Amino acid sequence: MLILFYVLFGISLVYMAATEKFKRYIQIYTLQGILLFGMAIIELNKFTLLNLLFILAETIIFKSVIVPYLLRKILERTGINNVHKRSLQGNFTVLLMLVILGISLVLAHILSIPSVDEVYLVIAYFTLFTGLLLISARKLLFGHLIGFLIIENAVFLFSIAIGNEFPLLVNAGILLDIFIAVLIMSLFLTRIGHKLGGFEVDTLSKLKD
């Protein structure tokens, strides 16, 4: 069952890198929240009721409900639907994803830990590098925000991979940082972005003028 979650999560990452519609980004991110909940419940053998409630809150409530809702509001207010024309095209992105997968396999083997499933590390590294790819390949700030959220998913995967004791305080801090980041980015895109005349990453340089 866990292998199925691995495969589905990996496919979702490839599809996210290939698609050029931001609505698909939100849908995939919502699906990933559900998949992360399933992986966490299967992987963690021993956890308290508090851990279970936190996992439920972080994956289902936060990643699959609250954040997607905020992201949809951003798209509605900004009117952006697709990635920038100068962004790396989907076909080339998929090719880079194959390279990233190879790098993830090598790193997971070299940095393997006896108590950690190597396949789990591959997915975690693959998720991390996918987030970095989205940040570097997308010109619009919304794409950077999605990449940042994907990197947080990678951190979540790493936290599960290190053992059965779920690092509650660490993930609580990360969750708070991500929530604040989404709110700040929402404010920038919906208000400041309009005044600066664009939603591209290059727009940030205008703040120095």
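Tyr-120 is buried in this predicted model, with a relative accessibility of 1%. Its ring pairs edge-to-face with that of Tyr-6, at 5.4 Å centre to centre and 80 degrees between the planes.

**Aromatic pairs**

- The count of aromatic pairs comes to four, one of them being the edge-to-face pair of Tyr-6 and Tyr-120.
- This pair links distant parts of the chain, since Tyr-6 belongs to helix H1 (residues 2-18) and Tyr-120 to helix H5 (residues 118-137), 114 residues apart.
- Tyr-6 has a relative accessibility of 4%, under the 20% limit, and therefore counts as buried.
- A further pair is formed by Tyr-125 and Phe-158, whose ring centres are 5.2 Å apart; because their planes stand at 75 degrees, the pair is edge-to-face.
- Tyr-125 lies in helix H5 and Phe-158 in helix H6 (residues 141-161), so this pair ties together parts of the chain 33 residues apart in sequence.
- The two partners fall into separate accessibility classes: Tyr-125 is buried at 13% relative accessibility, whereas Phe-158 is partly exposed at 23%.
- Ring pairs also bring in Phe-129, which forms a cluster with Tyr-125 and Phe-158.

**Salt bridges**

- Two salt bridges are present in the structure.
- One joins the side chains of Lys-63 and Glu-152, with an N to O distance of 2.1 Å.
- Lys-63 is in helix H3 and Glu-152 in helix H6, so the bridge ties together parts that are 89 residues apart in sequence.
- Lys-63 and Glu-152 are both buried.
- The other bridge is between the side chains of Lys-73 and Glu-76, at 3.8 Å from N to O.
- Lys-73 and Glu-76 both belong to helix H3, where they are three residues apart, about one turn of the helix.
- Lys-73 is partly exposed, at 30% relative accessibility, while Glu-76 has a relative accessible area of 59%, over the 50% limit, and therefore counts as exposed.

**Helix H6**

- Helix H6, which holds Phe-158 and Glu-152, is mostly covered, with 18 of its 21 residues buried.
- At 1.5 Å a residue, the 21 residues of H6 should span 30 Å, and this agrees with the 30 Å that separates its end C-alpha atoms.

**Packing of helices H2 and H3**

- The axes of helix H2 (residues 22-43) and helix H3 come within 9 Å of each other and cross at roughly 180 degrees.
- A crossing angle over 145 degrees counts as roughly antiparallel, and H2 and H3 are therefore assigned to that class.
- On the H2 side, the residues making the contact include Phe-22, Ile-26, Tyr-29, Thr-30, Ile-34, Phe-37 and Ile-41.
- On the H3 side, they include Leu-52, Ile-55, Leu-56, Ile-60, Val-67, Leu-71 and Leu-75.
- Ile-66 is found in helix H3 (residues 49-78) and is partly exposed, at 32% relative accessibility.
- The C-alpha atoms of Ile-66 and Thr-30 are 9.7 Å apart in space, and the two residues are 36 residues apart in sequence.

Notes. Residues numbered from 1 in each chain as written. Predicted model: local features only at pLDDT ≥ 70, side-chain atom pairs only at ≥ 80, totals over all residues. Heavy atoms only, no water. Phe/Tyr/Trp six-rings, centres within 6.5 Å; stacked < 30°, edge-to-face > 60°. Helix = DSSP H or I, 4+ residues; strand = E, 2+ residues; numbered from the N terminus. Buried < 20%, exposed > 50% of the residue type's maximum accessible area, 1.4 Å probe, protein only. Expected span 1.5 Å × (residues − 1). Salt bridge = Lys/Arg side-chain N within 4 Å of Asp/Glu carboxyl O. Axes fitted to C-alpha atoms, helices over the stretch in contact; angles between N-to-C directions. Parallel < 35°, antiparallel > 145°, perpendicular 65-115°, else oblique. Contact = heavy atoms within 4.5 Å.
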